[in-house]
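This report describes the architecture of a single protein chain and then turns to two of its residues. The sequence and the model are shown first.

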Amino acid sequence: MYDKKISSFSAHTTGGILSRQYAAFYADEHTVIPEGFSKIMPEAFFRQIKIRSVRFPSTLTAVLPKAFGSCTGLREAVLPHGVRTLGTEAFAGCSSLRTVYLSDSLTVIRPGTFREDKRLERALFTTRSTLEQIGDYAFYNCSSLQFFLMPSGVRSVGREAFGRCKGLQKVRFSKKLERIGPKAFYFCGVSSLALPPSLTVIEEKAFHRCFHLTEVRIPQSVRRIGPQAFKGCDRLRTLELLHDPDELGEDIVNRRTVIRCREGSAVDAYCRTHDCIAEYV
């Protein structure tokens with residue numbers, strides 16, 4: 001009873017900010033954070049391994065860095081749609097986390113937000129999602145993630161955002177996607193790609209070691225393909241590139257991968273220079 005009185009009092013007097021000092025009053029196997037709190041401060045529940053579930057208040061707008069980092073017992077997170085900010089590594093190292101429901105108000109998934117959540121199977125958005133950016137290492141080594149349906153407004157995917165997501169079989173890309181960052185999908189399980197016509201940049205090693213890829217078509221909107229973008233994709237038979245990007249990096253594919261291109265094009269010249277196999281269309 002004493003603890004409940006203190007925690008209730010704190011919620012009223014801290015201006016809606018839940019710090020690590022007061023978070024301990026709420027930490028339980030089934031944690032309930034009362035209405036009135038708008039921010040969960042950095043490391044508020046860090047390494048609270050007894051937490052299995054959390055009920056967030058509808059008033060919540062921000063979950064700050066490492067707020068639930070290394071909560072190894074946490075299994076599900078359902079974020080209210082008023083949450084606009086998820087801090088760096090907010091849910092990183094939550095090794096039992098299986099499902100997360102993301103807020104409609106979230107525009108950026110910051111670096112490492114779900115990093116090393118190896119049992120994460122689903123990261124879900126509604127059709128009203130306003131997400132625009134997936135940051136560096138956001139889902140790094142989420143090896144149980146199988147599908148990712150990218151919200152329609154996403155414009156960029158950061159460095160190793162899905163790196164080592166070995167179970168990731170299918171990605172539906174945003175129709176507004178412009179940039180895929182370095183090693184963004186490194187060592188993923190994707191077997192096919194439907195790259196959108198909005199895409200302009202595929203950075204270095206973006207799909208390096210995606211062993212299950214067999215065929216890739218590059219949209220004519222792409223102006224840059226970084227070095228080794230599809231290198232190490234041992235089953236990749238053909239890469240179709242029917243236009244001349246402004247920049248083609250070294251070794252974009254393995255030597256035995258066929259590059260389908262137009263005879264006499266800059267891509268054809270690239271194949272000759274780099275000892276790649278060209279097939280004309």
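How many positive and negative side chains does the protein chain have, and how far apart do the centres of the two sets lie? In this predicted model, the protein chain carries 41 positive and 29 negative side chains. The centres of these two sets are 6 Å apart.

**Overall form**

Along the principal axes, the C-alpha atoms of the protein chain fill a box of roughly 80 × 25 × 25 Å. The secondary structure of the chain consists of 3 helices and 22 strands. Of its 281 residues, 50% count as buried. When contacts between residues at least 6 apart in sequence are considered, 24% of them join residues at least 24 apart.

An open sheet is formed by 4 strands, which follow the order 1-3-5-7 with parallel pairing. Its edges are strand 1 (17–18) and strand 7 (85–86), each of which pairs on one side only. The pairing of strand 1 with strand 3 (residues 39–40) is in the parallel sense and runs over 2 bridges. Within this pairing, L18 has I40 in strand 3 as its bridge partner.

| Residue | Relative accessible area | Class |
|---|---|---|
| C165 | 0% | buried |
| T238 | 17% | buried |

C165 is located in the loop that links strand 13 (156–157) to strand 14 (170–172). Leaving aside residues up to four places away in sequence, C165 touches F139, N141, C142 and S143, and also Y186, F187, C188 and G189. L193 is 28 residues from C165 along the chain, and the C-alpha atoms of C165 and L193 are separated by 15 Å.

T238, by contrast in setting, belongs to strand 19 (residues 238–240). Why does T238 count as buried? Its relative accessibility is 17%, and T238 therefore falls under the 20% limit for a buried residue. With residues up to four places away in sequence again left out, the contacts of T238 are T214, E215, V216, T257, V258 and R260.

How values were computed
Residues numbered from 1 in each chain as written. Predicted model: local features only at pLDDT ≥ 70, side-chain atom pairs only at ≥ 80, totals over all residues. Heavy atoms only, no water. Pairing = 2+ DSSP bridges. Buried < 20%, exposed > 50% of the residue type's maximum accessible area, 1.4 Å probe, protein only. Contact = heavy atoms within 4.5 Å. Lys, Arg positive; Asp, Glu negative; His and termini not counted. Charge placed at Lys NZ, Arg CZ, Asp CG, Glu CD.
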